[in-house]
Amino acid sequence: MNGPNPYFLAAFVLYVILLMAIAVWAARRTKTVMDFWVFGQKMGPVLATWSLIANFVSSVSVIGFTGAVYASGYSLMTHTILGLMLGVSGLYFVVGLVRRLNVLTFPDLVARVTGRQAARPLAGSVLLLSGWLYLVMQLVGAGLLVTAITGVPYQYMVWIIGIVFILYTAVGGLVSVAWTDLVQGVIMVASVVVALAYMLVDLGGLTEINTRFAEMNPAFVDPTGGGQLSWLVIGATFLAFFGTLFTEQDMLIRIAATKDVRTAKIHLAASGAILSVFYSLLILLGGATAVALVGSGMGVDNPDAAFPTLITQYVPTWIGVALVLGVMSAILSTTDTRLHAIGMTVARDIYSYFRPNVSDAHLMRVSRTATVLLGLLATAAAMNPPGTIIVLYGFRAVLLTSAFLIPVYVAIYWTALDGRAVLAAIIAGAVVGLGAQITGGSIGPVPATFCGVGAAVALLLLSHWVLGSRRKQEVALATVAADEGVS
Amino acid sequence: MKPLGLPLPMFLVFAIVILGGSLGLIHYLIVHVLLRRPFGDEVPGTLPRFAIRGERPTTEPSEGGSR
């Protein structure tokens, strides 16, 4: 592209103005720290559903998933998308209990099941790093994508995006985030539906698109990518993505924000159904993108360039504008949620643990300050992300799933579990999962996620058995001692 | 058989994804709408107000003890 596209740029500017107006309105409704953190625990079903949908679909989903389909076909559905969708449904089935526990954050939940308040800052630190890395990578993807579409240089675009979402997140907390998400979610789904409808008409229908996609490479329409993916790898990828749904801070914060168990259930039930259709359409749009670009001689070497090329060179300008708005929605709705979550992690899980007696107003100031500082830091890092950030980012799904999935959620139901066994299982899962990922992604043929989750399960059962046996011995000795004292 | 131009296994994966994502909705409609089962927090006070600064609710187990 030679220079900024005036239509795309105008759409971008108008969109930002709309968001800032919503944020200013929402900020007036943010009066307490509970409003800022969890919407005063008054979020209704419609807002909660669309807020979750908007948060769920990121710029990485839009650009990365369509790019992956362009390069490798529909096999992404077999592991990543299936894992994510079953994760949403799985969370639905445990959300009643989680909401009734009335924890605000995931570290709160960890503290409850381990019986140790120190778990809050410890788990909070892991989630803070994970959330911040996710934010940096989202900003990198977003900056590259919007630069490719609008023509504005990356170094400017990443700061424009950064300042916009930092401002409205810091001003209104989850109230701003949720209301902007509502708008963004609707725009995002509508833009993908409109774009796919256009492509269906343009390319002669879905059957024609899939037939031509299969002709490009039969492996593109094979669930295992023509045998390129083993079932072990598919299973591990599925499990890693499935597990992140249960262990990410923003998911727990949203559950805490709902006004009751009914709302918590509705928002996951409705989101799961809408997202599963949305992702199926997005993946089909990826196939249509490949057929359209290759068929018209616009093929790209870098798969991540496929979707921007479709927007800027293939579809008419009005469809392009709709997609630009959809892409911007995907970017901002995910970055604002993650930024809000890490700001809350600092104030709620770490700061308030060490200073438990500060006022609510003080905690809100800490949340806002952390939101601004961590947002600026993420934006600065996204300007030129060091290799270590990219490497660490690759570890987060394995780490979260290995460490937290089994110990925390088993402990919610198995109340007789010893808190120390839960803690030991978390540490074992984290060490083994992360270790396997660092040393090449597997131990022998077993992928890192299976290693980590397996270690967590083994240590959970073993330490519960050992601690349980020891407690029985202690009880028996105490009984004998008491009997001797009586006699 | 190639529904929508896809080999049957790939078509089934799409169907399973949509079904998998809709499990919660199916459960909700059957259990809470048709059978009218309660959600467990209908009685006022069963969803306790959480202490903002992280103090444990009084019913919570003590630090270091078994659960």
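Chain A splits into domain 1 (6–385) and domain 2 (398–487), with the bounds coming from an automatic or database domain assignment. This is a predicted model, in which local features need pLDDT of at least 70 and side-chain atom pairs count only at pLDDT 80 or more, while totals for chains, interfaces and linings use all residues. Residues are numbered from 1 along each chain as its sequence is written, and chains are lettered from A and ligands numbered from 1 in the order in which they are written.

The centres of domain 1 and domain 2 of chain A, taken over C-alpha atoms, sit 33 Å apart. Across the boundary, 19 residues of domain 1 of chain A are in contact with 17 residues of domain 2 of chain A; two residues are in contact if their C-beta atoms, placed from the backbone, lie within 7 Å. On the domain 1 side, α5, α6 (106–114) and α10 (231–247) of chain A each put in at least two residues. Helices here are DSSP runs (H or I, at least four residues), as are strands (E, at least two), and both are numbered from the N terminus. The most comes from α10(A), with 9 residues on the side of domain 1 that touches domain 2 of chain A. Ala, Val, Leu, Ile, Met, Phe, Trp, Tyr, Cys and Pro count as nonpolar, Asp, Glu, Lys and Arg as charged, and the others, Gly among them, as polar.

Then there is the partner chain. Chain B has 2 helices and 0 strands, and 18% of its 67 residues are buried. Buried means that 20 or more other C-beta atoms lie within 10 Å of a residue's own, exposed that 12 or fewer do, and partly exposed anything in between, with C-beta atoms placed from the backbone. Between the chains, 53 residues of chain A are in contact with 34 residues of chain B. The chain A side draws at least two residues from each of α2 (33–38), α5 (80–101), α9 (206–216), α12 (261–295), α14 (317–354) and α15 (360–383). Of these, α12(A) gives the most to the side touching chain B, with 13 residues. The side of chain A that touches chain B divides into 26 nonpolar, 15 polar and 12 charged residues.

Helix packing within chain A comes next. Two packed helices are described by the angle between their axes and the distance between the axes. Axes are lines fitted to C-alpha atoms, for helices over the stretch in contact, and angles run from 0 to 180 degrees between N-to-C directions. Helix α1 (residues 6–27) of chain A and α14(A) have axes that come within 9 Å and cross at roughly 40°, which makes α1(A) oblique to α14(A). Angles under 35 degrees count as roughly parallel, over 145 as roughly antiparallel, 65 to 115 as roughly perpendicular and the rest as oblique. The crossing of α1(A) with α14(A) is right-handed; a crossing is left-handed if the near helix is turned anticlockwise from the far one by less than a right angle, and right-handed if clockwise. Among the residues making this contact are A:Phe8, A:Phe12 and A:Leu19 of α1(A) and A:Val321, A:Leu325 and A:Met328 of α14(A). Sorted by type, the contact of α1(A) with α14(A) holds 11 nonpolar, 2 polar and no charged residues.

Helix α7 (residues 119–150) of chain A also packs on α14(A), at an angle of about 160° with the axes 9 Å apart, so α7(A) is roughly antiparallel to α14(A). This crossing of α7(A) and α14(A) is left-handed, and its contact residues comprise 19 nonpolar, 7 polar and 3 charged.

Helix α8 (residues 154–203) of chain A and α12(A) meet with axes within 10 Å, crossing at roughly 40°, and α8(A) is therefore oblique to α12(A). The crossing of α8(A) with α12(A) is left-handed. Their contact consists of 15 nonpolar, no polar and no charged residues.

Most residues other than glycine have a negative phi, and most peptide bonds are trans. A:Gln41, in the loop between α2 and α3 (45–56) of chain A, has a positive phi near 50°. B:Arg36, in the segment after α2 (23–34) of chain B, likewise has a positive phi, of about 55°. A:Gln41 is buried, with 20 other C-beta atoms within 10 Å, whereas B:Arg36 is exposed, with 7 C-beta neighbours inside 10 Å.
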